[in-house]
Amino acid sequence: MHIGILGGTGPLGRGLAVRLAAAGHQVAIGSRDAARATAVCEELRGAWPDRSLALAGMGNAAAVAAGAGTVVLATPWEAALGTVADLGEDLAGATVVSVGNALVRQGREAHALVPPRGSVAAMVQAALPASAVVAAGHHLPARSLADLDHDLRSDVLVCSDHPEAATAVVSLLDSVPGLRGVAAGSLAQAAAIEAFTAVLVTVNMTHRVHSTLQLAGLSAWA
Ligand SMILES: NC(=O)c1ccc[n+]([C@@H]2O[C@H](COP(=O)([O-])OP(=O)(O)OC[C@H]3O[C@@H](n4cnc5c(N)ncnc54)[C@H](OP(=O)(O)O)[C@@H]3O)[C@@H](O)[C@H]2O)c1
């Protein structure tokens, strides 16, 4: 698949990019500054010279086109609406994966904020009525994602009001070794999924770890 990542130069974007590219996908890392995205791609390819990662760096608008209908919105949550504001027509018909968590750090804890419409994903869906917004990836630890030598094993909750798009994102996640997409209902679930990230981040800070989510009771990992 071809996948574009808006704000792909950050830790989460980089981590997703290398994991997806290592799984054989072609990934366009988008940025407000195309030169920065190009430099990030060179850095990532240099870090994994034996992996032949299909990564290309470009501006955010170009990454939407290169994504061929599948775009990850990986900016800070406060920047999500501003980032998609000028891209609405380009994103029409596309699957937009919202990974944003509205959190605030308070000492040794993270606390969840309530964004307009209750979740970042719902906020983005309202701004992009012609796109299929899928919420996914909120509990992935960027540092572990970016280390291809790290034996990742994470369940990724996926929710959307567009079932076909959600199914496609589950399949995309399943194509990445160490990730398993788990369909988790409509976009109404995004509020709880996003807010739980505050708990996970607090656990990580308390125990100095990079934990992620694994659900008991599902079928065994393939
Ligand atoms: N970090 C994690 O472990 C993690 C895990 C799960 C989910 N998430 C979510 O994933 C998203 C990205 O996280 P991150 O830690 O990678 O974020 P980040 O580093 O703060 O931002 C990612 C990229 O967004 C762009 N950006 C920053 N400010 C912007 C603005 N005002 N307008 C437009 N673009 C802006 C920057 O790229 P350019 O300057 O190149 O444009 C930046 O490199 C967040 O919504 C976060 O909640 C993060």
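The legends below describe close-up views of a predicted model.

**View 1. The open sheet of eight strands.** The strand order is S3-S2-S1-S4-S5-S8-S9-S10, and the pairing is mixed. Strand S3 (55–59) and strand S10 (179–183) are at the edges; each has a single partner strand, so one side of each is left without a neighbour in the sheet. On average, neighbouring strands of this sheet are turned by 25° against each other, direction ignored.

**View 2. Strands S4 and S5.** Strand S4 (residues 70–73) and strand S5 (residues 95–98) run parallel and are joined by four bridges. Thr70 has Thr95 as its bridge partner in S5.

**View 3. Helix H1 on the sheet.** Helix H1 (residues 11–22) lies across strand S1 (2–6), strand S2 (26–31), S3 and S4. Relative to S2, helix H1 runs at about 165°.

**View 4. Helix H6 and its surroundings.** Seven of the eight residues of helix H6 (residues 120–127) are buried, so the helix is mostly covered. The buried residues are Val120, Ala121, Ala122, Met123, Val124, Gln125 and Ala127. They pack against S4, S5, strand S8 (132–136), helix H4 (80–85) and helix H9 (190–207).

**View 5. Val124 in the largest nonpolar core.** This core has 68 residues, and Ile5, Leu73, Val124 and Val169 are those with the most contacts inside it. Helix H8 (residues 163–174) supplies the largest share of the core, seven residues. Leaving aside residues up to four places away in sequence, Val124 touches Leu73, Ala80, Val84, Val96, Ser98 and Val133.

Definitions and conventions: Residues numbered from 1 in each chain as written. Predicted model: local features only at pLDDT ≥ 70, side-chain atom pairs only at ≥ 80, totals over all residues. Pairing = 2+ DSSP bridges. Helix = DSSP H or I, 4+ residues; strand = E, 2+ residues; numbered from the N terminus. Axes fitted to C-alpha atoms, helices over the stretch in contact; angles between N-to-C directions. Contact = placed C-beta atoms within 7 Å. Buried ≥ 20, exposed ≤ 12 C-beta atoms within 10 Å, placed from the backbone. Core = buried A, V, L, I, M, F, W, Y, C linked by C-beta atoms within 7 Å.
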